[in-house]
Amino acid sequence: LARMGLPALTLLLAAGLLHTQASPSARSFQLDYEHNCFRKDGAPFRYISGSIHYARVPRPAWRDRLLKMYMSGLSTVQVYVPWNYHETLPGVYDFTGNRDVEAFLDLTAELGLLVILRPGPYICAEWEMGGLPAWLLWKPDIILRTSDPAYLAAVDSWLHILLPKIKPRLYHQGGNIISVQVENEYGSYYACDYGYLRHLLGSFRALLGSEVLLFTTDSTRAEELRCGTLPGLYATVDFGPGSNVTEAFAAQRRVEPKGPLVNSEYYTGWLDYWGEAHASTSAAWVARGLEDMLQLGASINMQVSPFLQLTSLPWPGADYKDQYKPVTTSYDYDAPLSEAGDPTEKLFAIRTVISKFQPLPLGPMPPATPKYAYGWVALQKVSASPEGCTAPAQHCSAAQHPSLSLQYADLLDVLDVLCPSGPIQSQFPLTFEALKQAHGFVVYHTQLPWDVPDPATLGAPPHSICDRGYVMLQKEYQGTLERDGQTTLHVTGRAEDTLDILLENMGRISFGANTSDFKGLLGNLSLNSRPLSNWLIYPLAIDTAVQQGWPHAALLKSSSASREGPAFYTGTFETPGIAWDTFVKFPGWSKGLLWINGFNLGRYWTCRGPQQTLFVPGSVLHVGRPNNITVLELEGAPPTPRLLFLDRPLYNRTLGCSSTATE
């Protein structure tokens, strides 16, 4: 050592020190049953966390949302991974663009946030089928969320793809993932299959190792904690600000007598269902409950950052509570960070409470994103190209047509575009799953087998319309059949008149019942109780067509002057040199979907509410060239079709289908 000299010795010691600091073995995140806490690197630790859904946030906004969560005093974020978002078909995986979960996790680490991961396989999250892929239902007798071998084989295949991406990001491996949740609120599911939970525990351990902290989450009900917990998985609970904190944690103590108190889902708001009032939870109430828990030394994860689904397909799910209850497009459930990512009074109230227990990061909270009210966009219904212009409408000069022109096509007139492979013939109707159609719409086409001079009852067996059926006779809209609603219509016609039913999937059940929620016509339609047969069935690929430029790449002619029934409306508009976030309202429209520049922004349903606007992130808009609007209206457009772009959302109103509000 003497011969090495001081500089060399110093370098050696420094290298050893660096090795010790960087060594994964020096990092740990563990349970301390003796002192009822977590230990991070050996020191007592309590996390204050917030949930965020990368699948619901446009990728350009990921950093903004995470930074706002960090600046609010959160040390940790809880991240959901929806299986069906990544494995869109069996063995077909997508981890690109908005689905790049590894890039999202790397960003959390860059910003200094720890992560609690919720990889499912079932996550709930008010997401279609709770994150389970619809293709599981191609095997009609599969029993989801159980030890059914077909289900377990699909789960294992998925976990072998996902969890190896997660393992190097675990805390003890040098990453920032401190714990991983297994399943979600399994105790609320009817099956109560411990063999399934044991299988998941074995798979997670095999793929992630023995050191990672695995846990479960359930409500505080004794029955749910009985069915949702398992030795080897640390049991946590979830509850909202209306609960008695002492009683709620006493429920956790009955299954985990020792260890940290944890509320894994503290509800800062609540979800919205179509046709019901917008949920609202007071900031003071949320703050008081948070402070009560922190005073007990609990670790908490809050529902903090909600967002509209911003993906290529409508992903909202549905609950089943005595009836089918589809969730609105917007996931802004009065949360601390708004749908547009804006800090709210509630976020600042939470931040104030956190500041009483730990220091806040230095610096200001990032501001709300700028919004722009682009105003009224007067759409013109045109049946052909403007005079003298044969190019697609968006290329015609401003002198030849208004700043936003509209083209129109009845859905039934463009089935060749929306179903390029042609229809499937079947004696009786087939479900979406039998057709291998996950989302969207299917047209069922047949003919009246006999003359119907007097009104006859067109009806479906109970629970067989899943979820809404738009009925056309001779291409004239007759009305709508609905799950848990109207299931009959009266029609008249002649033999061989065409009968078409457009079936809409409003989202598979994500909570409250068996999640095997088949879509389409599940039973045969009948006319005066006589079954109809000889169907042509068209699975529609509307999203694909719109993403590929239809109908803006083709000039359409309207086959009918009628404004009722399913039809497409298209137009273009330009931004005044900026592309800021905005909200679009649908005055006088009924129900349908909106795309801008091929990007599916979700459903509107003005007559049901409460949501009256769709959020349009500035990142989907163009500057310096036209923005293409496509609307699929399902029931009836207003006499003067137009949209209103606002700088704020409207969540809690029901205007009615005939509204001509001019605000």
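How many helices and strands are there in the protein chain? Here are some notes to get you started; keep in mind that this is a predicted model.

1. To take the opening question: you will find 12 helices and 38 strands in the protein chain.

2. On the chain as a whole: it has 663 residues, and 59% of them count as buried. The accessible surface comes to about 25200 Å², with 54% of that belonging to carbon and sulfur atoms.

3. Now for contacts. Take those in the protein chain with a separation of 6 or more: 78% of them are down to residues 24 or more positions apart.

4. Next, the cysteines. The structure holds one disulfide, and its partners are cysteine 192 and cysteine 227, whose sulfur atoms sit 2.1 Å apart. If the term is new to you, a disulfide is a covalent bond between the sulfur atoms of two cysteines. The link of cysteine 192 and cysteine 227 is left-handed, with -90° about the S-S bond.

5. What does the pair tie together? Cysteine 192 lies in the loop between strand E9 (177-181) and helix H6 (194-208), while cysteine 227 belongs to helix H7 (residues 222-228), so the link joins parts that are 35 residues apart in sequence.

6. Is cysteine 227 buried or exposed? Buried means under 20% relative accessible area, and cysteine 227 comes in at 4%, so it counts as buried.

7. Cysteine 37 has a relative accessible area of 12%, so it is buried. Cysteine 419 counts as buried too, because its relative accessibility is 4%.

Technical notes:
Residues numbered from 1 in each chain as written. Predicted model: local features only at pLDDT ≥ 70, side-chain atom pairs only at ≥ 80, totals over all residues. Heavy atoms only, no water. Disulfide = S-S within 2.5 Å. Helix = DSSP H or I, 4+ residues; strand = E, 2+ residues; numbered from the N terminus. Buried < 20%, exposed > 50% of the residue type's maximum accessible area, 1.4 Å probe, protein only. Contact = heavy atoms within 4.5 Å. Areas by Shrake-Rupley, 256 points an atom, 1.4 Å probe, with all protein chains shown as cover.
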